[in-house]
Amino acid sequence: EVRFDRMCSSAETIARKLRAHRAVSGLRYPGLDGDPSHNLARAQMERFGFLISFELPSEQKAEGFIDDCPLIESATSFGGVHTSAERRAKRGDAVPPGFVRLSIGCEPVEELWQAIEASLDKIAG
């Protein structure tokens with residue numbers, strides 16, 4: 001319960017910050033007003049979870065973001081205490097090449113955001 005609460009709270013914070021970053025498009029997180037799933041999620045959930053998805057401009061930039069962020073582990077199994085990410089296109093899913101799924105872990109949220117922002121800034125040029 002404590003872990004889930006931390007992960008959900010951090011995801012809400014990170015999603016809001018990702019929405020404002022110039023490198024990110026196609027952001028999906030049901031806890032954000034304006035997300036197509038927001039009203040349904042609000043009716044069905046107490047918390048909005050810890051998974052966030054978004055698009056970066058290319059496969060290379062998505063790989064660079066994941067590889068260069070020291071607090072993100074590349075993984076396909078989500079829900080652990082460490083933040084992890086994956087590119088679904090690598091698994092053959094019909095998504096854009098720069099599509100990233102991000103599973104927020106239990107790291108301190110401001111430290112996590114600083115690492116994510118630095119990695120995004122690097123790929124944004």
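Residues are numbered from 1 along each chain as its sequence is written, and side-chain values use heavy atoms, with hydrogens and water left out. Because the model is predicted, local features need pLDDT of at least 70 and side-chain atom pairs count only at pLDDT 80 or more, while totals for chains, interfaces and linings use all residues.

Five strands form an open sheet in the order β1-β2-β5-β4-β3, with mixed pairing. Strands here are DSSP runs of E with at least two residues, helices are runs of H or I with at least four, and both are numbered from the N terminus; two strands pair if DSSP finds at least two bridges between them. The edges are formed by β1 (25-28) and β3 (73-74), each of which pairs on one side only. Strand β4 (residues 84-86) runs antiparallel to β5, and three bridges join the two. Buried means under 20% relative accessible area, exposed means over 50%, and partly exposed lies in between (1.4 Å probe, protein chains only). Leaving aside neighbours within four places in sequence, S103 is in contact (heavy atoms within 4.5 Å) with F50, L51, F78, G79, H82, T83 and S84.

The helices come next. Helix α1 lies across β1, β2 and β5 and runs at about 15° to β2, whereas α3 lies across β2, β3, β4 and β5 and runs at about 25° to β5. For these angles, axes are lines fitted to C-alpha atoms, for helices over the stretch in contact, and the angles run from 0 to 180 degrees between N-to-C directions. In α3, residues A62, E63, G64, F65 and I66 are buried, and the buried residues of this helix pack against β2, β3, β4, β5 and α4.

With α1, the packing angle is about 35° and the axes are 10 Å apart; the crossing is right-handed. A crossing is called right-handed if the near helix is turned clockwise from the far one by less than a right angle, and left-handed if anticlockwise. On the α1 side, R6, S10, T13, I14, K17 and L18 meet V109, E110, L112, W113, I116 and L120 of α4. With α3, the axes of the two helices come within 9 Å and cross at roughly 145°, again in a right-handed crossing. Here K61, G64, F65 and D68 of α3 meet I116, S119, L120, K122 and I123 of α4.

Within α4 (residues 109-124), E110 is partly exposed, with a relative accessible area of 39%. Not counting residues up to four places away in sequence, E110 touches T13 and K17. From E110 to I123 there are 13 residues in sequence and 20 Å in space, C-alpha to C-alpha.

The largest nonpolar core has 31 residues, and those with the most contacts inside it are L18, I52 and I116. Such a core is a set of buried Ala, Val, Leu, Ile, Met, Phe, Trp, Tyr and Cys residues joined through side-chain atoms within 4.5 Å. Two or more residues come from each of α1, β2, α3, β5 and α4, and α4 provides the largest share, six residues. Beyond its neighbours within four places in sequence, L18 is in contact with V24, L27, I52, F54, L102, W113, I116 and L120.

Finally, the structure holds two aromatic pairs. Rings of Phe, Tyr and Trp (its six-membered ring) pair if their centres lie within 6.5 Å, and planes under 30 degrees apart count as stacked, over 60 as edge-to-face and the rest as tilted. F4 and F50 form an edge-to-face pair, at 6.2 Å centre to centre with 85° between the planes. This pair links distant parts of the chain, 46 residues apart: F4 is in helix α1 (residues 2-19), and F50 is in the loop between α2 (38-44) and β2 (51-55). F4 is partly exposed, with a relative accessible area of 40%, whereas F50 is buried at 17%. F54 and F65 also form an edge-to-face pair, at 5.8 Å centre to centre with 75° between the planes. Eleven residues apart, F54 in strand β2 and F65 in helix α3 (residues 59-68) again link distant parts of the chain, and both F54 and F65 are buried.
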